[in-house]
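Here is a friendly walk through one model, with the cut-offs spelled out along the way. Have the viewer open as you read.

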Amino acid sequence: MDIKDFLINENCSMIEAMAQLDRVAKKVLFVVSEQGLVAALTDGDIRRWILKKGSLEAKIFEIANYQPKYLSTKEKYRAKNYIKTQSIEALPIVNSKNRVVEIIFPHHEVIKTRKSIDVPVVIMAGGLGSRLYPYTKILPKPLIPIGEIPIAEHIINRFVDNGCNEFYLILNHKKNMIKAYFNELDKDYFLNYVDEEIPLGTGGGLALLKGKISKTFILSNCDILVDEDYQKILSFHQKQENLITMVCSMKRIRIPYGVVEIGKDGNIETMKEKPEISFFVNTGMYVVDGRVIDEIETNEEQGFPDIIETYRQQGKKIGVFPISEQAWLDMGELNELEIMRKRLEVDE
């Protein structure tokens, strides 16, 4: 069982919470937002709400206790006595970012975050973001806010939650604004800036990391979020002995018209009414063997998909890790930006 099984968003319904409580077979869930832990929700809270004739359609924020009991990682040594004196069902332990990293239950049962994947993460953050104009006339794409924090920080936080603590931002457009923002943060990870003097593309920019990264690393665009177990992705890459593993998402598109195929004689061969097409698309996240960096030409503009295609034609092992459509969030265009905001349930 994973910590995520015990976490729930405050905008979920009471019915969803009851189902989740049944799945974990415990009496408590912890309510989280982009700010981390915000509340606790017990089966007793739900029972009292029902007895007061509260609506069965209620959202979690109407029912939960917004004064949850918890300890920081530095206070964890107090956990056993704290659980006993406070008579609580479970005690969350939070890190410096207020994120739940451990849950301690009575009788010494402990659930921790999954094992650290301990690989560097490279984020391509130097593009102009022209598809997001006019936002990017004022802000560089990595600093466009999704709720209260920018997309680049969301991306880093996801990796931190999965155990990563070494990051490289490849910067170009409005790089000083990006540096100024992250320099002001109280970070519990290492962030390195790599300046790109001329546009080198998503692949060419990696040549700037020669001598800095020699082992397997994760490469990510700065406008996507992948909601998946990163340890599972890395293990797949290693087990398959791939040079590069591309994370691909299932995509389904419904054609809003009747599709007609015409035969050689000019007659209708087949006709399908509003068919749905399914295929896999590149999410913009990859696991990459460190030697790729050394083999990239210096000061040559090229996209990372072009590098992949070159290796593929050479017969090198290029793998695909498939994820569901719901596990990929993209903000590369304005309509997709709004979808991401809604999916993360945050306001502008």
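The report below covers the model, its aromatic pairs, a histidine contact, the cysteines and a surface patch.

## About the model

This is a predicted model, in which local features need pLDDT of at least 70 and side-chain atom pairs count only at pLDDT 80 or more, while totals for chains, interfaces and linings use all residues. Residues are numbered from 1 along each chain as its sequence is written, and side-chain values use heavy atoms, with hydrogens and water left out.

## Aromatic pairs

The structure holds seven aromatic pairs (rings of Phe, Tyr and Trp, the last by its six-membered ring, with centres within 6.5 Å; planes under 30 degrees apart are stacked, over 60 edge-to-face and the rest tilted). One of them joins Phe159 and Tyr230, whose ring centres are 4.8 Å apart with planes at 45 degrees, so this pair is tilted. Phe159 sits in helix H5 and Tyr230 in helix H8 (residues 230-240), so the pair ties together parts that are 71 residues apart in sequence. Helices here are DSSP runs of H or I with at least four residues, numbered from the N terminus.

Phe159 is buried at 2% relative accessibility, and Tyr230 is buried at 3% (buried means under 20% relative accessible area, exposed over 50%, partly exposed in between, with a 1.4 Å probe and protein chains only). Ring pairs also link Phe159 and Tyr230 with Phe167 and Tyr189 into a cluster.

## A histidine in helix H5

His154 also belongs to helix H5 (residues 151-161). At a relative accessible area of 4%, His154 is buried. A polar atom of its side chain lies 2.7 Å from the backbone oxygen of Ile146.

## Cysteines

How many disulfides does the structure hold? There are zero, a disulfide being a pair of cysteine sulfur atoms within 2.5 Å. For Cys248, the closest cysteine sulfur is that of Cys222, 19 Å away and therefore too far for a bond. Cys248 is buried, with 5% relative accessible area, and Cys12 counts as buried at 19%.

## A nonpolar surface patch

On the surface, Ile15, Met18, Ile50 and Leu56 form a nonpolar patch with about 330 Å² of accessible area together. Patch residues have over 30% relative accessible area and no salt bridge, and nonpolar side chains (Val, Leu, Ile, Met, Phe, Trp, Tyr) are joined within 5 Å; a salt bridge puts a side-chain nitrogen of Lys or Arg within 4 Å of a carboxyl oxygen of Asp or Glu. Areas come from the Shrake-Rupley method with a 1.4 Å probe.

Technical notes
Patch = residues over 30% accessible without salt bridge, like charges linked within 9 Å, V, L, I, M, F, W, Y side chains within 5 Å. Helix = DSSP H or I, 4+ residues; strand = E, 2+ residues; numbered from the N terminus. Polar contact = N/O pair within 3.5 Å; in protein donor to acceptor, adjacent residues only side chain to side chain.
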